Protein chains: 2
Amino acid sequence: MRLVTVAAAQLGPIQKNEPRTDVVRRMLALMDEAKRAEADLIVFPELALTTFFPRWYMEDPAEIDQWFEREMPSAATRPLFERAAEYGMGMYLGYAELTPDGRHFNSSVLADRTGAIVGKYRKVHLPGHAEFDPERAFQHLEKRYFEPGDLGFPVWRTMGGIFGMCICNDRRWPETYRVMGLQGVEMVLVGYNTPSINSQKSAEGPEQRLFHNRLSVQAGAYQNSTWVVAVAKAGIEDGFPMIGGSLIVNPDGEIMAEAKTEGDELVVHACDLDATTFGKTTIFDFARHRRIEHYGRICAQTGPTPPAL
Amino acid sequence: MRLVTVAAAQLGPIQKNEPRTDVVRRMLALMDEAKRAEADLIVFPELALTTFFPRWYMEDPAEIDQWFEREMPSAATRPLFERAAEYGMGMYLGYAELTPDGRHFNSSVLADRTGAIVGKYRKVHLPGHAEFDPERAFQHLEKRYFEPGDLGFPVWRTMGGIFGMCICNDRRWPETYRVMGLQGVEMVLVGYNTPSINSQKSAEGPEQRLFHNRLSVQAGAYQNSTWVVAVAKAGIEDGFPMIGGSLIVNPDGEIMAEAKTEGDELVVHACDLDATTFGKTTIFDFARHRRIEHYGRICAQTGPTPPAL
C-alpha cells in the first residue's frame, strides 16, 4: 500500500469584488480541515484566487492583468505555501499566470510536503473564444486572455508516487490523460470552473454538465489506470451558476468520494497508489496492447478530414 | 434530420457444438424482427457465428481453422446478406477471418442496404495472451489465434452518413474512437464478447464489467460527438458467462437504449446523424481546440516511460 490521503478542496463562488486575501482565508480554513482529516495533499480548483474572470469581456490590458499573478508564491498566496509546509501537506493550486515577459497562461503549480514548488502546468486545451460573441448566453473568453500551454503534460515523481496535472477543459480530452499515462502517472490532479448551463445550448443544464464531468474523469482514470482528483469552483459567481461535483475517482474509474454542495467543501479519500498496478499490468498494459502504427492521425492532424462525398 | 434506425442484435450464447446454420437461423429471426421495427441497419456481435473459441487452448492448426471463415459471404452466411438486401437493411457482422494466404484476423464487415460489402475492419487491440496461462480462471487466447488488424480504423461514407467499425476490446481504447473522430465519424459500430468475470481478478464481476463497458462506449461517443452502437454476444457459453448490456449511445454520451437480457434480443433506436453536429462544432471542434504539438508520445511510444527514480 502506498496511501496518499487527498483532500479535494472545492471552493464556493468568488464574487468579482472579493479580494484575494478573503479567498486565501477561506482556503486556509479548508487546509485546517484537511489537516484534521490527516490529508497528505490538498487540491484547489482552477483560477482559485478570483472569480472566473473569462466570463467578462475586457479590452484594457491593465484591467485584464489585475486578474493575474506575477509571481508564485505571491504576497497574497504565501500563507498557503507556509501553512502547507507547516502541515507537511502537498498542494495543487490553479491561478492565472503573467510571466515577466508578459505572457498569460491558465496555470497550476504542485508543491510537495515542504511547500516547495516541484511542478508547473499551463492549460493546453483552452475552451471558448477570443472575441465578444453576441450569440452566447454569456461569454467564455479563455482564448482571449490566455495562450495555450507550452509545457505539454509532464508528470512528477513526488510524495511517493507519480503525479500529473491538467486544468478544466483538458479533462474532456483523452489525449490529456494518455500523454500522462504514457509516463506512468498514478494520480492526475485537475481543477475546474464549469458553467452550469452550456452558453450555446440552453437545454444543456447542470445535470448533463455534471454527467459529462464524471464521464470524462472516470474514463480518463479507467483507461490509464490512474487516480483522478477533480476539484470545482462552484456556485453562483456574479449571477452565473457553476457546477460543483468535485470527485475522487479510483483507477477502475469508480467514484470514491464526491462533493454534495456548491460551496466550500472538503472531499477526502485515502488513495492507494498501488491500486494503479493491476490495470497497468493487465488490460491497460500499454506495452503489450497499444498499436501505435494505427494512431498516426492523432498526432498528425488537428482537425477532421472526412472522406470525400 | 438524417435518421438511421439501428437494431443492435444481441445474441445469446452459442455453444461449442452449435452449427453455424443454427446460429444463422437465430440471426435471421432477429433480422425479421428488425424489419418489423423498420430498421435501416442491423448490428451483430463480434465472432457472431460461433462460440467464443479463444477461451479454448488449441494446438492443431486444422482444429483452429474450423472456427474461421475462408470467404465472406460464405455458404453459411449468404442467407444473411440476401435477406438484408431483400429488406434494404445495412449490416455489421463480426467473424473470424482466414485469408487465402493463411492469415487470421478477428474481423467485421459492413454491408450497405443492397447487401454489398462496403467495408472491412480487422481488430487492432487484441486482449489476452498467446500461450496457455495456468494462473487464469479461464483462457483468453486472442493473441494466439489472431494477428493484430492491419487496416487501421477507416470510416465509410454510406447509408447517408459516415460509419466506422471496431471490435470488443478496441472500445476501451480512446485512440480507437479518436482516429475515427478525426475522419468525421458519425456512428461507430462495435461487437463484443466480454466474460462476466475478470479471468485474473475474481472480485471483478458482471456489475463492474458492465460499468466499464458503458463507461468506455459513452466516453468514446461524447468525446468524438458520435453515435456508438455496441452489441454483445451474451449469456453462458460452454459454462462461461458473458455480459450482455448491448447499448446505443448518442453523441452526448447518453444511453438511449440498452439490452435487458443475456439472450437473443433486439435493441432499436432511431438515431439522427445530424445530432453529431453540435458537439463537433463547439466543445469538440477539433480544428479549434486540439493541440497536437503536445500529443507526440501517443504515436511515438507504445509502452510507458515513467520518470527516473
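Contact here means heavy atoms within 4.5 Å. By that rule, 69 residues of chain A are in contact with 69 residues of chain B. Welcome to this predicted model, in which local features need pLDDT of at least 70 and side-chain atom pairs count only at pLDDT 80 or more, while totals for chains, interfaces and linings use all residues. Residues are numbered from 1 along each chain as its sequence is written, chains are lettered from A and ligands numbered from 1 in the order in which they are written, and side-chain values use heavy atoms, with hydrogens and water left out.

**How the two chains meet**

- Chain A and chain B bury about 6,400 Å² between them, with 62% of it on carbon and sulfur atoms; buried area is the accessible area (1.4 Å probe) that two parts lose on being put together, summed over both.
- Trp173(A), His294(A) and Thr302(A) supply 10% of the area that chain A buries against chain B, more than any other three residues.
- There are 46 residue pairs in polar contact across the interface, both residues being at pLDDT 80 or more. A polar contact is a pair of N or O atoms within 3.5 Å; within protein, one must be able to donate a hydrogen and the other to accept it, and residues adjacent in sequence count only if both atoms are side-chain atoms.
- Strand 6 (155-158), helix 5 (174-181), helix 6 (206-224), helix 8 (286-289) and helix 9 (296-300) of chain A each supply at least two residues of the side that touches chain B. Helices (H or I, at least four residues) and strands (E, at least two) are DSSP runs, numbered from the N terminus.
- Helix 6 of chain A gives the most to that side, with nine residues.
- The side of chain A that touches chain B divides into 31 nonpolar, 24 polar and 14 charged residues. Ala, Val, Leu, Ile, Met, Phe, Trp, Tyr, Cys and Pro count as nonpolar, Asp, Glu, Lys and Arg as charged, and the others, Gly among them, as polar.

**How the copies are related**

- A rotation of 180° with 0.0 Å of shift along its axis superposes chain A on chain B, at an RMSD of 0.0 Å. That is the relation of a two-fold axis. The superposition is by least squares on the C-alpha atoms of residues with pLDDT of at least 70 in both copies.
- The copies meet through the same surface, because 100% of the interface residues of chain A are also interface residues in chain B.

**Salt bridges**

- The structure holds 54 salt bridges over all chains, and six are counted between chain A and chain B. A salt bridge is a side-chain nitrogen of Lys or Arg within 4 Å of a carboxyl oxygen of Asp or Glu.
- Arg178(A) pairs with Glu175(B) in a salt bridge, with the closest N and O atoms 2.6 Å apart.
- Lys201(A) forms a salt bridge with Asp252(B), where the closest N and O atoms are 3.5 Å apart. Lys201(A) is partly exposed at 26% relative accessibility, whereas Asp252(B) is buried at 19%. Buried means under 20% relative accessible area, exposed over 50%, and partly exposed in between (1.4 Å probe, protein chains only).
- Within chain B, Glu97(B) and Arg122(B) meet in a salt bridge (2.9 Å, N to O). This pair joins strand 3 (residues 90-98) to strand 5 (residues 117-122), 25 residues apart, and both residues are buried.
- In chain A, a network of salt bridges links Glu97(A), Arg103(A), Lys120(A), Arg122(A), Glu147(A) and Asp150(A).

**Buried parts of chain A**

- Eight of the eight residues of helix 5 are buried, so this helix is largely enclosed by the rest of the structure.
- Phe163(A) lies in strand 7 (residues 161-167) and counts as buried at 0% relative accessibility.
- Leaving aside neighbours within four places in sequence, the contacts of Phe163(A) include Val4(A), Leu41(A), Trp156(A) and Leu273(A).

**Backbone details to look for**

- Most residues other than glycine have a negative phi, and most peptide bonds are trans.
- The peptide bond from Met72(A) to Pro73(A) is cis, with omega near -5°, and Pro73(A) sits in the loop between helix 2 (61-65) and helix 3 (78-87).
- A cis peptide bond also joins Met72(B) and Pro73(B), with omega about 0°.
- Cys168(B) has a positive phi, near 45°, and is buried, with a relative accessible area of 5%.
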